[in-house]
Structures are given as C-alpha cells and as structure tokens.
Amino acid sequence: MSVEQSRAVTDAEGAVAATATASALATSYPVAPGYRLNVRSGPGTGYAVVDVLAEGARVRINCQTPGTWVTGPYGTSNIWDNIGNGQYVSDAYVRTGSDGYVARRC
C-alpha cells in the first residue's frame, strides 16, 4: 500500500470513529412516561436531589455507574446514568432499550 493510500485509509477510519462518537453523544433517551424524575448529586437515593426532570424529558447519558438498587417502570437496576456534572438519574426510569450498560462506565 502506498503512503497516499495509507493516509486515505487512516483518514477514513478517523472520520468513521468521529461520526460514531458524535452519534453516541447525540443520542438521548426518554424518561418513563408520566414520571417527574429526581436528579441526584450522586449514584444513589441517599444523595441530595439537585433537580427534577419534567414529564416527557429526554436525557443524554455521559456515562453510567453502579449505585443504589432502584425499582422503576423499566425494572430493578443499580445502574445510574450521569447526565451532567454531579447529576445522576436511576436507569430504572430511563428507556435505554437495555437492562445493562449502554454507555461507558464513569
């Protein structure tokens, strides 16, 4: 393979990786219908409530971490979704389409 071909492959791979990363960051997930969801300062029910999401809200998940077990409309889970700096919501209230992790671990 020539140097030019190698550069083209590397550039194409980089563009695909950048698109995949941007796509993952742009993905948002709906909060369970009919719920106002508490946003907590850490991954558990013992942490302070710092905000409340309105019914119909969508969240972008930065990363996920284990915490307090919670039962919600999407089952029982100890996964907590980081949606901002010092902002966590229980994954049991977010429709991710999975019972496991859908984002990197915090």
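Predicted model: local features only at pLDDT ≥ 70, side-chain atom pairs only at ≥ 80, totals over all residues.
I started with Tyr93: at 19% relative accessibility, it counts as buried (buried is under 20% relative accessible area, exposed over 50%, partly exposed in between, with a 1.4 Å probe and protein chains only). I then checked Tyr35, which is partly exposed at 34%.

Residues are numbered from 1 along each chain as its sequence is written, and side-chain values use heavy atoms, with hydrogens and water left out.

**Aromatic pair.** How many aromatic pairs does a search of the whole structure find? I got 1. Tyr35 and Tyr93 form that pair, edge-to-face, with 5.3 Å centre to centre and 75° between the planes. For the term, I use rings of Phe, Tyr and Trp (its six-membered ring) with centres within 6.5 Å; planes under 30 degrees apart are stacked, over 60 edge-to-face, the rest tilted. Tyr35 sits in the loop between strand S1 (29-30) and S2, and Tyr93 in the segment after S7, so the pair ties together parts 58 residues apart in sequence.

**Elements.** I listed 1 helix and 7 strands in the protein chain, in the order α-β-β-β-β-β-β-β from the N terminus. These are DSSP runs (helices H or I, at least four residues; strands E, at least two), numbered from the N terminus.

**Core.** I looked up the largest nonpolar core and found 16 residues. A core here is a set of buried Ala, Val, Leu, Ile, Met, Phe, Trp, Tyr and Cys residues joined through side-chain atoms within 4.5 Å. Among those with the most contacts inside it are Val31, Leu37 and Ile83. S2 (37-40), S6 (75-84) and S7 (87-90) each supply at least two of its residues. What does Ile83 touch, not counting residues up to four places away in sequence? I noted Val39, Leu53, Val59, Arg60, Asn62 and Val89 (contact means heavy atoms within 4.5 Å).

Gly84 stands opposite Gln87 in S7. The hairpin has 2 residues between its strands, and Gly86 takes a positive phi near 70°.

**Confidence.** I read an average pLDDT of 84 for the protein chain, with 75% of the residues scoring at least 70. pLDDT is the predictor's confidence in each residue, from 0 to 100. Over residues 2-25 it is below 50, and beyond near neighbours in sequence this stretch has 3 contacts in the model.

Conventions:
Pairing = 2+ DSSP bridges.
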